[in-house]
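Please brief me on this model, with the cut-offs behind each term.

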Amino acid sequence: MKVLLLKDPKEDDRGQDPYIRELGLYGLEATLIPVLSFEFLSLPSFLEKLSQPDSYGGLIFTSPRAVEAVELCLEKDNKAEVWKKSLKEKWNAKSVYVVGNATASLVNKMGLHTEGENCGNAEKLAEYICSRLFPQCLHLITLLPKMSSSRGVVQPFGNPQAVLS
């Protein structure tokens with residue numbers, strides 16, 4: 001049976017898209033059709049900010065595309081040397097958070113140490129970051145749902161107990 005696979009092509013260590021290979025194991029003939037196009041719009045502005053780690057408290061990478069944006073910035077104007085000599089070390093002195101293991105792996109290849117990769121999604125990572133940056137607020141986070149439920153206010157963190165665990 002033939003199927004259309006609507007995704008970005010990716011090659012694994014065998015030089016084949018893992019979805020095509022896996023579907024083939026089940027007797028399916030997949031035709032891959034890339035359906036998305038992506039363009040980075042603000043690389044010069046991003047490079048300027050990336051070059052000023054002292055102005056920021058850390059980095060948050062939400063996807064492999066975010067890592068790709070950093071790599072593109074570093075390719076311009078020989079910034080790779082500046083990255084190796086000073087920027088990487090300065091960013092490593094700060095917290096570098098990531099969503100997911102795939103993103104963590106790419107960020108690690110750039111020489112940065114990551115945390116939060118096991119959170120699984122952006123919402124859980126946000127809870128994790130808040131618990132790390134504002135531990136004094138954890139008590140407030142657990143009280144807010146009790147205080148606000150009678151007033152019809154939505155909880156700020158989905159499940160406040162997840163922040164504590």
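Lys7 and Asp17 are both buried, where buried means under 20% relative accessible area, exposed over 50% and partly exposed in between, with a 1.4 Å probe and protein chains only. Lys7 forms a salt bridge with Asp17, and their closest N and O atoms are 2.8 Å apart. Lys7 and Asp17 both lie in the loop between strand S1 (2-6) and helix H1 (18-25), so the pair ties together parts that are 10 residues apart in sequence. The model is predicted: local features need pLDDT of at least 70 and side-chain atom pairs count only at pLDDT 80 or more, while totals for chains, interfaces and linings use all residues. Residues are numbered from 1 along each chain as its sequence is written, and side-chain values use heavy atoms, with hydrogens and water left out.

**Salt bridges**

- The whole structure holds 5 salt bridges, a salt bridge being a side-chain nitrogen of Lys or Arg within 4 Å of a carboxyl oxygen of Asp or Glu.
- Side chains of opposite charge can pair when their charged atoms come close.
- Asp8 forms a salt bridge with Lys10, with 3.8 Å between the closest N and O atoms.
- Asp8 counts as partly exposed, at 32% relative accessibility.
- Another salt bridge links Glu68 to Arg65, where the closest N and O atoms are 3.4 Å apart.
- Glu68 and Arg65 are 3 residues apart in helix H3 (residues 64-75), so about one helical turn separates them.
- Glu68 is partly exposed at 32% relative accessibility, and Arg65 is partly exposed with a relative accessible area of 30%.
- Through salt bridges that share partners, Asp8, Lys10, Arg65 and Glu68 are joined into one network.

**Chain overview**

- The chain contains 8 helices and 4 strands; helices (H or I, at least four residues) and strands (E, at least two) are DSSP runs numbered from the N terminus.
- Along the sequence the pattern reads β-α-β-α-β-α-α-β-α-α-α-α.
- Of the chain's 165 residues, 27% count as buried.
- The chain exposes about 11,100 Å², of which carbon and sulfur atoms supply 55%; accessible areas come from the Shrake-Rupley method with a 1.4 Å probe, and for residues only the protein chains shown count as cover.
- Among contacts between residues at least 6 apart in sequence, 58% join residues at least 24 apart, contact meaning heavy atoms within 4.5 Å.

**Helix packing**

- Two packed helices are described by the angle between their axes and the distance between the axes.
- The axes of H2 and H3 are 10 Å apart and the helices pack at an angle of about 85 degrees; axes are lines fitted to C-alpha atoms, for helices over the stretch in contact, and angles run from 0 to 180 degrees between N-to-C directions.
- H2 and H3 are therefore roughly perpendicular to each other; angles under 35 degrees count as roughly parallel, over 145 as roughly antiparallel, 65 to 115 as roughly perpendicular and the rest as oblique.
- On the H2 side Leu43, Phe46, Leu47 and Leu50 meet Ala69, Val70, Leu72, Cys73 and Leu74 in H3.
- H2 and helix H4 (residues 79-92) have axes that come within 11 Å and cross at roughly 50 degrees, which makes H2 oblique to H4.
- In this second pairing, Leu47, Lys49 and Leu50 of H2 make the contact with Lys79, Trp83, Leu87 and Trp91 of H4.

**Nonpolar surface patch**

- Leu4, Leu6, Ile33, Val35 and Leu36 form a nonpolar surface patch with about 530 Å² of accessible area together.
- Patches are made of residues with over 30% relative accessible area and no salt bridge, like charges being joined within 9 Å and nonpolar side chains (Val, Leu, Ile, Met, Phe, Trp, Tyr) within 5 Å.
- Leu36 lies in the loop between strand S2 (29-33) and helix H2 (43-50), and Leu36 is exposed with a relative accessible area of 72%.

**Exposed loop positions**

- Gly57 sits in the loop between H2 and strand S3 (58-61) and counts as exposed at 66% relative accessibility.
- The C-alpha atoms of Gly57 and Lys94 are separated by 6.2 Å, although the two residues are 37 residues apart along the chain.
- Leaving aside neighbours within four places in sequence, Gly57 is in contact with Lys94 and Ser95.
- Asn118 is in the loop between helix H5 (101-109) and helix H6 (122-133), and Asn118 is exposed with a relative accessible area of 68%.
- Asn118 and Val99 are 19 residues apart along the chain, and 7.6 Å separates their C-alpha atoms.
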